Amino acid sequence: MKAIATRPGALWQLQHPLWLCPFRPFFALALIWAWFVMLLWAGFLFMGWPLPAVPGGPFVWHAHELLVGFGSAAIAGFVLTAVPEFTDTPAFGAAPVRRLVALWLIGRVAFWCSGWWPVAGLALAGAAHLALLLGLTGLLAPRLWRDPERRHLSFIWMLVLLAALLAGFYADALRAGEPLRWLHAWLGALVALIIVAMSRISMSVVNASIDAQVLLDGLERPPYLARPPRRNLALLAVALYTAAEFLQAPGQVTAWLALAAMCAVLNLLNDWHVGRPLLRRWPLMLYGVYGFMALGYGAIALARLTQALSPNAGVHLLTTGVLGLNIYIVVCIAGYTHAGVEKDGRPWVLWGALALMLAAMLRALAYIAAPAALWMGLAAALWCAAFILQSAHMLPVFLRPRADGQGGCAGVLGKPG
């Protein structure tokens, strides 16, 4: 039965399609923020555009807005949509989601204004960000805890960890300390969260690819399984490296821990070697995220062991090739699926992913070979191009009603959500 066509209200009204499912407003904000912030950063680097004079300077602004601003919007959209599916519970209503969106917006405005009113701006931005993360935790925790097998409690611990790290960032910023170290630790926590989330997403994506290949060639294949011991080993290695870097452990210690993180991630990839089904678009792009993760930690290890390049080459492989690419893919998969739209057969998705992969390589190359400014400029342009392309294709999906007669966050008809 088709839904009765109604005229959508204004954007801020509850009946607007933007509030049909939590991923819609948060993914929309994440996409816009990805290219908007990078555009401002490139304008600052190459044309001298002014940036908000936040405490800590432009590098803190750049890292904060991409890791915390872009990252937290994507995290909120993902967990608010995925956890009801994982726990077989109803979708979250629009009212609490709107409050969380308001907190995200207050965090942006307050942080940007902290150059004019440092104490008030930082205090308000910190409170808004912590309220967002703890509000997410408060919404998700009862469902995750009541789940009979409690298989997804790690999302709670990850959100609490992110909140603690952000509290440290704002405490250091308020006392004119070194807040950037907390953002490096936040990046490590985001990498860990990506490993946790990818273990769930890959079970659906890779097994769907295996099923499609079986239908195609008739050859039976064993199902894919994201094995917990490999995931836990990767999480431990990433956590140890992140802690060593945060505590400024001796360079050799940090280097070998980065190398251990690289090896643990490569070990994780052994689960993915399922033959031809891996060569399909979605599993292959997710595989690329882990590839950049291993490459990033490997580059950090090489830099610290040989001093031949800056560790920032590896850091940017993690931010662009892991964080950026992972969010890009997850927004495509979850955004289309839970809007009731088929995600396959869209060539632009692959072009955008390739642009982000190339951006990650060029951004790392800027620390290795001249002309660095050219590689940085091209990397920024490719990042913006990928997310502008995604915005052009996906924002209309988030802003219009479902056309399949399903409600809220339901998946594509005939397929699991």
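Helices here are DSSP runs of H or I at least four residues long, numbered from the N terminus. With that in hand, look at Ala176: this residue sits in the loop between α5 (154–174) and α6. Keep in mind that the model is predicted. Phi of Ala176 is near 55 degrees, which is positive even though the residue isn't glycine. Ala176 counts as exposed because its relative accessibility is 70%, and the cut-off for exposed is over 50%.

Gln248 also has a positive phi, near 55 degrees. You'll find Gln248 in the loop between α7 (228–246) and α8 (251–268), and its relative accessible area of 64% makes it exposed. Then there's the cis peptide bond from Ala370 to Pro371, with omega near -5 degrees. Pro371 belongs to the loop between α11 and α12. Why point these out? Most residues other than glycine have a negative phi, and most peptide bonds are trans.

## Inside and outside

His64, part of helix α2 (residues 58–86), is buried because its relative accessibility is 0%. Setting aside neighbours within four places in sequence, its contacts include Arg108, His129 and Tyr170.

Trp49 lies in the loop between α1 (23–47) and α2 and is partly exposed, at 35% relative accessibility.

Terms used: Residues numbered from 1 in each chain as written. Predicted model: local features only at pLDDT ≥ 70, side-chain atom pairs only at ≥ 80, totals over all residues. Heavy atoms only, no water. Helix = DSSP H or I, 4+ residues; strand = E, 2+ residues; numbered from the N terminus. Buried < 20%, exposed > 50% of the residue type's maximum accessible area, 1.4 Å probe, protein only. Contact = heavy atoms within 4.5 Å.
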